[in-house]
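Dear colleague,

Please find below the structure I promised to pass on to you. My notes on it follow directly after.

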Amino acid sequence: MGHWIYLIVPICLYLMFFVVPIVWTFWLSLHSWNGISRDMKWVGGGNFMTLFLQPRFHHAVVNNIAWLIFYLLAPSGLGLLLAVILDRGIRFEGFFRIVFFLPFTVPAVAVAAIWRWMYEPTNGLITTVLNTVGLGGWAQNWLGDPNIVTFSLMGSVLWWTTGFAFLVFFAGLRNIPVECIEAAQIEGATPWQIFWRVTFPLLWPSTIIVLGLAAIDAMRVFDIIWATTMGGPAYASEVMATQMYEIAFGRLEMGRASAIAVYLLVIAGVLIMPYITYMSRRVADSEDS
Amino acid sequence: MSKRTGFLGALLLGTALTFGSTAMAEEAELWHFFSSGSEAEGLEALMAVTNGINSDQPITSRVFPGNILEMRRAIQTSLMGGNPPAAYGSGFGYELKIFADAGHLRPLDDVWERIRGDEIFPEGVKRVTMVDGHPMGIPFDLSLINNIFFNKKVLEDNGVEVPTDWDSLVAACDALRDAGVQPLANAGGPYWSMYNFYPALISTVGVDGYYALADGSMSFDSPEFREALDLFRNTLVSCYAENWSGKSWTQSGDDLVNGDVGMFMMGMWLGGYMRQAGFEPEVDFDFFPAPGTENLAIFQMDLFAIPAGTGPATEAGVAFAEAAASTAAQAAFTVPKGSIAPNLEVDPSIYDAVGAKASAELKNAEAVLPNLVFMLPTNLGTELGVQLERFAIDPSEETENEMITTLEALRVELQAENAFVKW
């Protein structure tokens, strides 16, 4: 019994800063409230129904799913590729390790500022380079065209976050016992076979970390979008988190914004939690075997 | 160290921290979002003046980078925590009304009387500073938003006369485009296309119609509103530079300075930005009123509001607001920023040529009109901005119809809630 006393403080903190805000957010989502007035009006499930029928909300959900696919494939895949290339013992390995990881240390707002200039459609770096190499026809209105703005943002996030996946995979590769690779080589396996049959399965714990965090990042993506486009132009790059912020503080509809938060929690729970559970089980299985 | 000594030490530390934080809360602070450039310079100068006037009640500033949205979030949170600042930078109209209706603002009738607010501020300014007949803020910074800036060399080199009406504006755009120059800049975001729309709106519905849209009595599916959209489509929208929606206003400002575009309809802060870039007013750049607004002044404005409360911090806030209305304080802020003072007693000779011209426009205007977005319920104002940006990107019939349906549904909903105000 005595040991439980030591848990009182963390439990209280957990309840106060985790459970209570969730319950309070759900309570708010059942009301109409501008966040300033002292009166809240009960609307029941009205906020949820309004969002459910609103094309703007559907668009944000679709964008979140696009971000999920992107996060799982692009930074993770590129990070793995860079880690494998560097693991082969090329020259200036230390230099490249720093170069690959450096963007990840830059704050989101600075990344947004950098890429706003990179993507400037007339004199930005990307358009200028394309014009210089004779590919000016490929230049786009990167952040101003509603059809491509999300892909442009993904480009900046790829530059920003690949370093993390690279670092985790690189550390994982360095921890693989050399004997396993050597045994496969003696057995006559090709480098391709060695990667898929030996290296990649042994990288599983690293993969789970990278993909698990990527999935979580996809659901909570906010700062880079808000700082670059504020969800625009005309809602085109909006995700649920930016929509929630805009509705809460741009329109002072705290109830509806809370309903988005509840939806986000549920969707993240439905999409992400089964995946994390499944992956964790796979790690346990691979360790057992 | 014994247990008792340790306990006493912790208690003392806790007490010190508690009193320390209380002391912090008692400090009189001004919260604002003027984080950089000429605006930050202006605020620093203004505070030097106000703290000079109120040397016994000095106030310190805290910046919240971003825009009014971030400011709103900070104030909202501070009010929930019961620890608002002594004063903060606010928008006007509906922005004041939301906080005033909840009893969070201190009415400034006493300050207004002392500064002779009814005499020193124009009628349009007064209309959106009052909530239910009480002044809820002190205006300190005003920018006209109905002017089109132009690069003099670009227009001269291409033999383009300064436009004076809609037809000559479109002709100027055609001439510039034929000469390989993008005619008119715009910028992405929910505000700029909306500001550009106001001249078309006023040309169609007049000043009374402008206020009718603000108070919810004009519907968005009315023929007049559609006519205004048509005029907007056939004039400014048709003039916009390629890829404008992917640029911030500063990037478009750079295009004007570099001569990549000929004209740019933007608030007066663009003049300050161009001066910082080394452009001389009236020599390198100038402006003309957008067609349909020749005898009008449409303005964007900043005020200082004082949260309700009692105690030394509130008193310091009130003293600060009073000092901020002085001609010296208003001049200190507006000259570096490149805007003009709402206080009409400020000597126009302090401004550069462009500022003096704008100041004369404000004084001589037949009507001084507040920015529409701040007179609308917050939700509708924001939605109108987003929809007009969408329309400016794709001015098709389909977009127009979707826009009108969305806005009209929102107007009806807000009217049912009695949310509109007759300013």
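In this predicted model, chain B contains an open sheet of four strands, arranged in the order β8-β9-β7-β10 with mixed pairing. The edges are taken by β8 (182–185) and β10 (285–289) of chain B; each has a single partner strand, so one side of each is left without a neighbour in the sheet. Direction ignored, neighbouring strands are turned against each other by 25° on average.

Strand β7 (residues 147–151) of chain B pairs with β10(B) in the antiparallel sense, over five bridges. Within β10(B), Phe288(B) is the residue that stands opposite Ile148(B). Helix α12 (residues 249–258) of chain B packs on this sheet and touches β7, β8 and β9 (261–265) of chain B. The direction of α12 makes about 140° with that of β9(B).

Turning to chain A, its secondary structure consists of 13 helices and two strands. Helix α7 (residues 149–174) of chain A has 26 residues, which at 1.5 Å a residue should span 38 Å; the end C-alpha atoms are 38 Å apart, so the two values agree. A bend of about 40° occurs in α7(A) at Thr161(A).

As for chain A overall, the C-alpha trace spans about 75 × 70 × 30 Å along its principal axes. Buried residues make up 44% of the 289 in chain A. The accessible surface of chain A is about 15,600 Å², and 72% of this belongs to carbon and sulfur atoms. Of the contacts in chain A between residues at least 6 apart in sequence, 69% join residues at least 24 apart.

With kind regards

Technical notes: Residues numbered from 1 in each chain as written. Chains lettered and ligands numbered in written order. Predicted model: local features only at pLDDT ≥ 70, side-chain atom pairs only at ≥ 80, totals over all residues. Heavy atoms only, no water. Pairing = 2+ DSSP bridges. Axes fitted to C-alpha atoms, helices over the stretch in contact; angles between N-to-C directions. Contact = heavy atoms within 4.5 Å. Expected span 1.5 Å × (residues − 1). Bend = angle between axes of the 7 residues up to and from the residue. Buried < 20%, exposed > 50% of the residue type's maximum accessible area, 1.4 Å probe, protein only. Areas by Shrake-Rupley, 256 points an atom, 1.4 Å probe, with all protein chains shown as cover.
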